[in-house]
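Subject: Structure for your records

Hello,

Here is the structure I said I would pass on. Please open it alongside this message, as my notes follow directly below.

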Amino acid sequence: SRKDKIIDGKKIASEIQEELYSEIQVLKTVSPKKPGLAVILVGNRKDSQAYVRMKKKMARKLGIVDFEKNLPENISQEELLQVVTEYNNNPEVNGILVQLPLPKHIDEETILNAISPEKDVDGFSPINMGNLCMKGRDPLFVPCTPKGCIELIKRSGVNISGKKAVIVGRSNIVGLPISFLLLHENATITVCHSRTKDIAKEVKDADIVIAALGAPEFVKGDWIKKGAVIIDVGINAVPDKTKKRGYRLVGDVDFEGCLKNASKITPVPGGVGPQTIIQLMKSTVEGFKRQNGIKKLL
Ligand code: NDP
């Protein structure tokens with residue numbers, strides 16, 4: 001039925017939240033310390049501010065200490081590096097996240113490179129990205145949205161090994177890390193991008209489709225093989241006069257069209273979206289345990 005096909009991303013995120021909450025309660029019994037997350041925000045971008053607010057709210061709910069740093073748009077690269085170094089050296093901080101994008105005068109790579117790999121909860125530092133892309137290496141952290149996509153697939157009872165996965169999008173934040181995570185799960189991967197000749201043809205072969213390109217309803221229903229699993233990472237605002245705010249959110253997948261042949265599909269909103277934050281919290285707790293020598297508890 002329709003309902004069985006739709007992956008309830010909100011429900012899965014709240015299940016993970018409960019599991020994490022219980023784990024943090026147990027951690028309290030073995031350590032007097034609390035997990036700590038530092039979120040660094042530079043400038044006044046409304047979207048970045050909103051993401052940071054949501055991250056802090058979730059941290060507080062779970063009993064993760066949040067270290068807040070809101071820095072002015074015109075901060076120098078040197079000063080920002082100093083903030084990162086302070087957090088690198090602060091034992092109460094287990095995870096450091098620099099909200100992207102950064103202002104143009106700051107070199108993103110230099111900043112990401114400065115975050116200690118042990119605290120790089122976003123997984124974007126070169127060492128963690130490099131280890132993600134190499135066989136037999138375990139990165140300390142993997143990027144949160146991609147990690148969430150894998151968790152959604154697994155918690156929906158889908159076996160990834162041996163499947164053909166087609167990923168549309170190759171960004172460092174989403175497409176590329178998802179591709180490598182799926183490869184590690186023993187999928188056979190095809191990565192499509194703006195120069196791919198015939199994306200429809202590639203998608204038609206896929207058992208698992210990941211849409212992460214940022215184009216509203218790009219993936220069409222007649223591209224979908226019967227039984228395919230579809231993960232829609234896209235978040236696009238399209239004008240809609242019937243809505244009070246004047247727009248509505250759609251994914252990179254034509255949801256109604258693709259639902260027909262799919263065995264599982266994530267909606268937008270309420271699919272991948274809620275994963276990013278909860279995976280960030282999970283990664284922070286993983287960092288806390290690793291940095292304090294606490295092995296598996298539950
Ligand atoms: P980017 O713009 O960084 O990357 C887009 C990728 O898609 C690029 O690799 C680009 O190819 C490819 N692409 C773009 N247009 C086309 C096209 N018409 N045909 C084929 N390939 C195309 O985006 P992100 O990866 O950062 O984000 C992708 C989507 O996911 C966005 O909608 C974003 O809002 C959403 N998102 C959602 C998150 C969440 O749910 N929490 C988190 C992050 C992102 P090329 O490399 O050749 O330029």
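The notes below go from the overall fold to one helix and then to the ligand.

Please keep in mind that this is a predicted model. The protein contains eleven helices and ten strands. Its radius of gyration is 19 Å, close to the 19 Å that the globule rule gives for 298 residues, so the protein is as compact as a globular protein of that length. The C-alpha trace spans about 55 × 45 × 40 Å along its principal axes. Buried residues make up 42% of the 298. Among contacts with a separation of 6 or more, 68% are between residues 24 or more positions apart.

The helix to look at is α8, residues 175–184. Eight of its ten residues are buried, so α8 is largely enclosed by the rest of the structure. The buried ones are Gly 175, Leu 176, Pro 177, Ile 178, Ser 179, Phe 180, Leu 181 and Leu 182. Their cover includes two helices, α6 (126–133) and α7 (144–155). It also includes the strands β4 (164–168), β5 (188–192) and β6 (208–211). Just after α8, Asn 186 has a positive phi of about 70°.

What surrounds the ligand? The shell has 24 residues, and the closest are Gly 169, Ser 171, Ser 194, Leu 213 and Gly 214. Sorted by class, the shell holds eleven nonpolar, eleven polar and two charged residues.

Regards

Terms used:
Residues numbered from 1 in each chain as written. Predicted model: local features only at pLDDT ≥ 70, side-chain atom pairs only at ≥ 80, totals over all residues. Buried ≥ 20, exposed ≤ 12 C-beta atoms within 10 Å, placed from the backbone. Helix = DSSP H or I, 4+ residues; strand = E, 2+ residues; numbered from the N terminus. Contact = placed C-beta atoms within 7 Å. Rg over C-alpha atoms; globule rule 2.2 N^0.38 Å. Near = placed C-beta within 6 Å. Nonpolar A, V, L, I, M, F, W, Y, C, P; charged D, E, K, R; others polar.
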